[in-house]
Amino acid sequence: MIGDSGLEGVFFCAGARNQLLLDKFSPYPLSMEVDERIASFKALGLSKATNNISIVCTTSGTAVSECLSAMIEAFYSESKLLLITADRPRKLQNTGAPQTIDHEVITRGFRKAYFDMTLDEFDNLDLASLKFPAHLNIRITSADEAKTIPTWEFSSFESFMRQCQRPLFLFSHENKSMRCLVQKFLSYGLPFYAEVSSGAKDLSPIKSEKELLSLFNKKTFDGIVRIGHTPLSKLWRILEGVEIPVYSFDSRGLKGLSHGTVENLSAAQLQTRNEFWECLPNRPIPFQYEACSRLSFLCEKYPNAEISIIKKIHDQIPEGSKVFLGNSLPIRYFELVQTRPFEIMACRGVNGIDGQIATAQGWCLSTEETVYCILGDMTFSYDLGSLLNFPPNLKCIVINNSGGRIFEVLKMDYRLVMEHGRSFRTISEGFNLKYTNSLNELPDAQILEISPLQVESRQFLEEWNL
């Protein structure tokens, strides 16, 4: 792959999509990085100093856009910077599928070479033949994404409902809360799952993603109706490789999958659209919901596990509060434990971890109410510059599990975790922010840092997934 060109170093930004590239760089100097912008400038500096190739490798989505500034500098300084981006299959482009955006357009005008290729093509590429700066976009396809699923095309929601006798309704999110729509929907007695970002998680009869997946695997449902933007749930990713009819109502007009039918209607529009409500069954669809008592049992058994800590935070935040949820584990675990109403905000458009503190701060500028921002340690580290101007009505809660534990949960290459032993006390105090590591002191704190016990977190998940 490298030829005789020489490779000075690889700056690898951890992600699920690009993990298969990690071993390909093992023979070369490898630096694991959190922030793609910083990583790309490190690669640029090394390339400028040595006049040899340096690589920055990212996962898909907004991670790619973070590298644009370094690419611009490399273009005008004639540096041998190589951006390698992992991407999802072509069939998912322009669908709104998770973490799927157009990578090519991001560096257009500031590169001298661009190739869209497969992993096999990348293995056979001689980097010495490239003109720099260059951008290689590598399509990495999972087993589910490789499947070809029959396309069910429905002329209308009415025709979909005539075919599906036991549909599941999946409420995700839009720019505004879906709570009013879900409250109206409740009276129909139909099975539905409201995600945490919908603003109506506490109303959902299906209480957890585990219960949702269990019901789905038992073939409880014969169709899926999605209302809102691309869902958080693992179920949505599974649907890419499952033969089941899917009908979406999305204000952006995006399917979120390579198959299915979509109507460009928002939750607010559906609320007053009689044709939608008239298509719903006029009697409840009976089925057996599963009990969630095991979650409470495990939270008591493992009080210092990460999920247990998230539940304690959930229980302490005043009902109805504004809660910003960071991507990866915090939003997933908060969804698992939420039983009370909150106003929720999250960045789920392409669900990157960049700029999360700053986004929560922007919310603070629109209100005098307190905004509770719950983040992981890697997400917090990514956006430390935002601590410089900290709104008085922001409380930032950092779950410091000493690395990107979502990669451990997903059983990926452990190097992606980037395990560390850092605390954020000193840096918080350096910005003159009120710091605490006690949940009891949350009302008076600006930064609350809590560190779960990893052994308990692992034991909790092992028993939860039995």
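A: Contact here means heavy atoms within 4.5 Å. Helices (H or I, at least four residues) and strands (E, at least two) are DSSP runs, numbered from the N terminus. Before going further, bear in mind that this is a predicted model: local features need pLDDT of at least 70 and side-chain atom pairs pLDDT 80 or more, while totals for chains, interfaces and linings use all residues. Residues are numbered from 1 along each chain as its sequence is written, and side-chain values use heavy atoms, with hydrogens and water left out.

Helix H9 itself covers residues 209-217, and its buried members are Glu-211, Leu-212, Leu-213, Leu-215 and Phe-216. Buried means under 20% relative accessible area (exposed is over 50%, partly exposed in between, with a 1.4 Å probe and protein chains only). Just past the end of H9, Lys-219 has a positive phi, about 60°.

There's also a charge-on-ring arrangement to look at: Lys-210 has its charged end over the ring of Trp-464, at 4.5 Å from the ring centre. To qualify, NZ of Lys or CZ of Arg has to be within 6 Å of the centre and within 35 degrees of the ring normal.

Setting aside neighbours within four places in sequence, Pro-167 touches Met-161, Pro-191, Phe-221, Asp-222, Gly-223, Val-225 and Ile-285. Further along the chain, Val-246 is 79 residues away from Pro-167 in sequence, yet their C-alpha atoms are 9.3 Å apart in space.

On to the aromatics. Rings of Phe, Tyr and Trp (its six-membered ring) pair if their centres lie within 6.5 Å; planes under 30 degrees apart are stacked, over 60 edge-to-face, the rest tilted. That rule gives 22 aromatic pairs. Take Phe-25 and Phe-122: their ring centres are 6.4 Å apart with planes at 75°, so this pair is edge-to-face. Phe-25 sits in the loop between strand S1 (7-13) and strand S2 (30-33), and Phe-122 in helix H5 (residues 119-123), so the pair ties together parts 97 residues apart in sequence. Both Phe-25 and Phe-122 are buried. Tyr-247 and Phe-249 make a tilted pair instead, with 5.3 Å between centres and 50° between planes. These two, Tyr-247 and Phe-249, are buried as well. They also belong to a cluster linked by ring pairs, whose other members are Phe-154, Phe-157, Phe-160, Phe-169, Phe-171, Phe-185, Tyr-188, Phe-192, Phe-276 and Trp-277.

One last stop is Ile-317, in the loop between helix H14 (306-316) and strand S12 (322-325). Ile-317 counts as buried because its relative accessibility is 0%. Its contacts, not counting residues up to four places away in sequence, are Val-323, Arg-340, Phe-342, Tyr-372 and Ile-374. Pro-443 is 126 residues from Ile-317 along the chain, and 9.3 Å separates their C-alpha atoms.
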